[in-house]
Amino acid sequence: MAFPFQTDVSLAPFNTFGLPGTAKRYADIRSASQLVKLVRSGELNGDRVVILGGGSNVLLSGDIDGTVLHIRIPGRELIGGDDDYHFVRAGAGENWHEFVRWTLTMGWPGLENLSLIPGTVGAAPVQNIGAYGLEVCERFMILEAVDLKSGALMSFDFKDCHFGYRDSMFKHEGAGRFVITSVTFRLPKRWTALTRYVDVARELATRGIIDPKPLDVSDTIMAVRSRKLPDPAQIGNVGSFFKNPVVDARHYAELLATFPEIPSYKQIDGSVKIAAGWLIDQAGWKGRALGQVGMYEHQALVMVNHGGATGQDVLRLAAAVRRDVNDRFGVSLEMEPALI
């Protein structure tokens, strides 16, 4: 029996930037077994295949002359634990923020610093999402994914994923081959609040919270993020548009001599991570638009769709911002969202 594809499906509702584009074929995937059967049927052979989750970290460049697999696999459960950790598994299609809040209400903290990050559970390890002193790889245990070549359901542990800063093997050699269907996390039973970031500590102090509980940290981070980042339901965006660049110690010393106020974070290997939003602001792009897209007035790192923008409009602005930042600071910016 042939798979029930939909044809000529608009993808505008499925990407948070609100960019236009149509999929020649579209499949709504609700289980790993459904995906395995589809791959083994051979119906994807010879076709361009694009994987779509929550659409919060993709830049749709136009129509897709191929098949879009929209991964909306549900499910969340405690599958076990040991003396130190709770083992919690979620389907790849689960909303990330809702999953985080669920773990907290169930008494399994550890993901609260990643509250309000848009997207799905399945996208979290691909991007190795991170915020306020925590990366998802620090809570990662194992994931399952379907191999689009063979249809095999495979498991990947921490070493297999090759995690890096906003990076994993699923953005490189695994891109377009493996489709994540579930992710299992190790959440610590002996929990410690991570509140060293200035914005978080300041917000907790404002709220009069001295000894924060997990939900306190989540609520605080939600408040901080909400002030800085626009709601995609109100104005199209994909959150942080550029990665924070990392430079070597020599380059950083040169920058510091000219720009002593530059926000920076030293890395274990001696390199230094620089705040991309500050670079963009200093280059004059905060709150400035180019056609239908612009850099957000409250956070220069976020690009927004003022209405009617296309993928090409976004790429033009990205190129202009990268050029001006590089001309002033000698620093190259890299886009966070995946171009499809």
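A pocket is here an open set of grid points with protein on both sides within 12 Å along at least five of seven lines. In this predicted model, the second largest pocket has a volume of about 510 Å³. Its lining comprises 27 residues, and those that lie nearest the centre of the pocket are L116, I117, P118, G119 and P232. The elements that contribute two or more residues to this lining are the strands β5 (64-71) and β13 (236-240) together with the helices α2 (96-105) and α6 (214-228), and of these β13 gives the most, with three residues. By residue class, the lining of the second largest pocket divides into 10 nonpolar, 13 polar and four charged residues.

Helix α6, which is among the elements lining the pocket, is also part of what covers the buried residues of helix α5. In α5, which spans residues 198-206, the buried residues are V200, E203 and L204. These residues cover an arc of only 100° around the helix axis, and they therefore lie on the same side of α5. The face of α5 turned away from this buried side carries V198, A205 and T206, which are exposed. After α5 comes G208, a residue whose phi is positive, near 70°.

Aromatic contacts were examined next. A pair of aromatic rings is described by the distance of the centres and the angle of the planes. With pairs taken as rings whose centres lie within 6.5 Å, the count comes to 17 aromatic pairs. One of the pairs is formed by W96 and F99, whose rings are tilted, with 5.9 Å centre to centre and 55° between the planes. Both residues belong to helix α2, where W96 and F99 are three residues apart, or about one turn of the helix, and both are buried. W96 and F99 also form one aromatic cluster with W102, W108 and F185.

A further pair, F156 with F170, is edge-to-face, with 5.4 Å centre to centre and 70° between the planes. Because F156 lies in strand β11 (residues 153-157), whereas F170 lies in the loop between α4 (158-161) and β12 (178-188), this pair ties together parts that are 14 residues apart in sequence. With under 20% relative accessible area as the limit for a buried residue, F156 counts as buried because its relative accessibility is 6%, and F170, at 6% relative accessibility, counts as buried as well.

Technical notes. Residues numbered from 1 in each chain as written. Predicted model: local features only at pLDDT ≥ 70, side-chain atom pairs only at ≥ 80, totals over all residues. Heavy atoms only, no water. 1 Å grid on protein atoms, 1.4 Å probe; cavity = no way out; pocket = protein on both sides within 12 Å on 5 of 7 lines; lining within 4 Å. Points joined across faces, edges and corners; volume = space filled by probe spheres on them. Helix = DSSP H or I, 4+ residues; strand = E, 2+ residues; numbered from the N terminus. Nonpolar A, V, L, I, M, F, W, Y, C, P; charged D, E, K, R; others polar. Buried < 20%, exposed > 50% of the residue type's maximum accessible area, 1.4 Å probe, protein only. Arc of directions from axis to C-beta. Contact = heavy atoms within 4.5 Å. Phe/Tyr/Trp six-rings, centres within 6.5 Å; stacked < 30°, edge-to-face > 60°.
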